[in-house]
Amino acid sequence: APQPVAAVAPQPAPVADAPSLPAPVPPGMVRVHIVGEGRGADELVLQRDTGGAMAVGPGGVATASSWSSVCNAPCGTTLDTTSGAYYVNRASDGPGLRSKPFTFGAHSGDVTLRVRTGSKAAFISGFMLAPLGFGAAAAGAVILPYGVKHHDGHNIAIGAATLSAGLVAAILGIALVVRGRNRVRMVPGRPD
């Protein structure tokens with residue numbers, strides 16, 4: 001005789017853990033996220049300016065600034081919007097490549113810093129090229145009027161060429177310095 005089969009209640013399907021939502025950001029605060037593009041993007045560090053000093057003496061003026069590291073990319077730290085100026089830099093770079101200073105004063109909630117990383121080679125090249133360009137432009141600015149005053153076509157040509165080449169080199173040097181720094185674009189909300 002067939003054995004009776006006991007009815008088995010269907011088992012519910014396992015429920016996947018629901019993604020946890022981040023805690024709300026209190027008023028007057030921002031939660032910072034860092035998304036980097038370019039070489040060394042995984043080394044990005046958010047830094048806060050902690051002050052500076054200046055000394056004046058017979059040899060000139062010396063300045064120094066200090067900063068503290070707040071968080072590493074991708075961050076997720078909550079900060080007070082009135083806590084001062086910040087920079088983004090790579091851990092392996094010196095202060096020359098850090099971004100322009102910025103604040104979070106007008107923002108609230110989640111904020112994403114989209115950072116295009118800089119280039120040491122571009123920064124150093126520009127840092128060397130700009131002063132040379134300004135020097136050549138200054139020399140051209142002296143030679144050109146001398147040639148004009150003395151109706152000397154040779155000095156006019158040399159002065160004009162030196163002045164023009166110097167200005168081009170100076171502008172290119174400044175562009176390389178700017179391109180060499182880390183550049184930050186602040187976007188409201190969490191990263192995509």
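A salt bridge is taken here as a side-chain nitrogen of Lys or Arg within 4 Å of a carboxyl oxygen of Asp or Glu. By this criterion, Arg 31, Asp 110 and Arg 190 are linked in a network of salt bridges in the predicted model.

The structure holds three salt bridges. In one of them, Arg 31 pairs with Asp 110, and the closest N and O atoms are 2.8 Å apart. This pair connects distant parts of the chain, since Arg 31 lies in strand β1 and Asp 110 in strand β6, 79 residues apart. Both Arg 31 and Asp 110 are buried. Asp 110 has a relative accessibility of 17%, and it counts as buried because that value falls under the 20% limit.

Asp 110 also forms a salt bridge with Arg 190, for which the closest N and O atoms are 3.8 Å apart. Here too, distant parts of the chain are linked: Arg 190 belongs to the segment after β7 (183-188), whereas Asp 110 is in strand β6, 80 residues apart. Arg 190 has 45% relative accessibility and therefore counts as partly exposed.

A further salt bridge joins the side chains of Arg 116 and Glu 37, with an N to O distance of 3.9 Å. Arg 116 is located in strand β6 and Glu 37 in strand β1, so that this pair likewise links distant parts of the chain, 79 residues apart. Arg 116, at 42% relative accessibility, counts as partly exposed, and Glu 37 falls in the partly exposed class at 36%.

Strands β1 and β6 also take part in the largest nonpolar core. Among the 14 residues of this core, Val 32, Leu 46, Phe 104 and Leu 113 touch the most other members. Two or more residues are contributed by each of the elements β1 (29-37), β2, β5 and β6 (109-116). Beyond its neighbours within four places in sequence, Leu 46 is in contact with residues including Val 32, Ile 34, Val 70, Leu 79, Phe 102 and Leu 113. Its contacts also include Tyr 86, Tyr 87 and Val 88.

Strand β5 (residues 86-90) is mostly covered, with five of its five residues buried. Tyr 86, Val 88 and Arg 90 point one way from β5, while Tyr 87 and Asn 89 point the other way. Strand β2 (residues 44-57) runs antiparallel to β5, and five bridges join the two. Within this pairing, Arg 90 of β5 is the bridge partner of Leu 44.

Terms used. Residues are numbered from 1 along each chain as its sequence is written. This is a predicted model: local features need pLDDT of at least 70, side-chain atom pairs count only at pLDDT 80 or more; totals for chains, interfaces and linings use all residues. Side-chain values use heavy atoms; hydrogens and water are left out. Buried means under 20% relative accessible area, exposed over 50%, partly exposed in between (1.4 Å probe, protein chains only). Helices (H or I, at least four residues) and strands (E, at least two) are DSSP runs, numbered from the N terminus. Two strands pair if DSSP finds at least two bridges between them. A nonpolar core is a set of buried Ala, Val, Leu, Ile, Met, Phe, Trp, Tyr and Cys residues joined through side-chain atoms within 4.5 Å. Contact means heavy atoms within 4.5 Å.
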